[in-house]
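Dear colleague,

Please read them alongside the model.

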Amino acid sequence: RAAKQLLAVGKNTPEFRLWMGRAFLNKQEYPLALKAFRSAAAANPKMPMVHFNLGVVYQRMHKFAQARRQFLADIALEPTIPYNYSHLGEIYFDTGHPHQARRAFLHALRLAPNLAAADFGLGQLELQTRRYPQAITYLRRAAGLKPESASVHALLGQAYLRSGHRRQAQAEFAASNRIRRANAAKLQREVSGPRH
């Protein structure tokens, strides 16, 4: 009933379109999310978070140039939001611009020292350039901030392995596998529904 009331009252407002876009984004319905966010941005181009969310959709659709423009647009409106810089770092990394990626990740960490995504990104950069001790430092911080991230543990395992620390690498790979199995089991339970 509350959702129907919200729909009746707010369906033509940019805020409602932003809210709907977030719902579609969470469900990975990217074309619908894109339509909702574009509509919100057209109605109110200075609305907080609308360009950020457009950037996230474009990034997930691998439309990196459009994503970059949206994150930069949000930075122009909200220069102290660290997530914009972290996402920019990911885009620069994915498109082969490591120096720009490093600057973006470091700026994100200056704004939010506990942003695991920025530590993870810097760990990837250091691993790529074979600076294993630095990669381990960043990835250990990311693992401390996001202990249930299989990706972080897997990458930390790679950094340990390449630096010759086999025992630590095995422990990280085991943690990554444990988390992946637990997530798969949880998903299976959600799909199967309750047992009688």
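H8 passes H9 in a left-handed crossing (the near helix is turned anticlockwise from the far one by less than a right angle), helices being DSSP runs of H or I with at least four residues, numbered from the N terminus. This is a predicted model, in which local features need pLDDT of at least 70 and side-chain atom pairs count only at pLDDT 80 or more, while totals for chains, interfaces and linings use all residues. Residues are numbered from 1 along each chain as its sequence is written, and side-chain values use heavy atoms, without hydrogens or water.

The axes of H8 (residues 116-128) and H9 (residues 132-145) come within 8 Å and cross at roughly 155 degrees. H8 is therefore roughly antiparallel to H9 (an angle over 145 degrees).

As for the pockets (open sets of points on a 1 Å grid, reached by a 1.4 Å probe, with protein on both sides within 12 Å along at least five of seven lines; lining residues have an atom within 4 Å of a point), the largest has a volume of about 240 Å³, and helix H6 (residues 82-94) gives the most to its lining, with 4 residues. The second largest pocket holds about 190 Å³; H8 gives the most to its lining, with 4 residues, and Phe-120 and Glu-90 are among the residues that line this second pocket. Glu-90 is also one of the residues lining the largest pocket.

Best wishes

Key. Axes are lines fitted to C-alpha atoms, for helices over the stretch in contact, and angles run from 0 to 180 degrees between N-to-C directions. Helices (H or I, at least four residues) and strands (E, at least two) are DSSP runs, numbered from the N terminus. Angles under 35 degrees count as roughly parallel, over 145 as roughly antiparallel, 65 to 115 as roughly perpendicular and the rest as oblique. Grid points are joined across faces, edges and corners, and a volume is the space filled by probe spheres set on the points.
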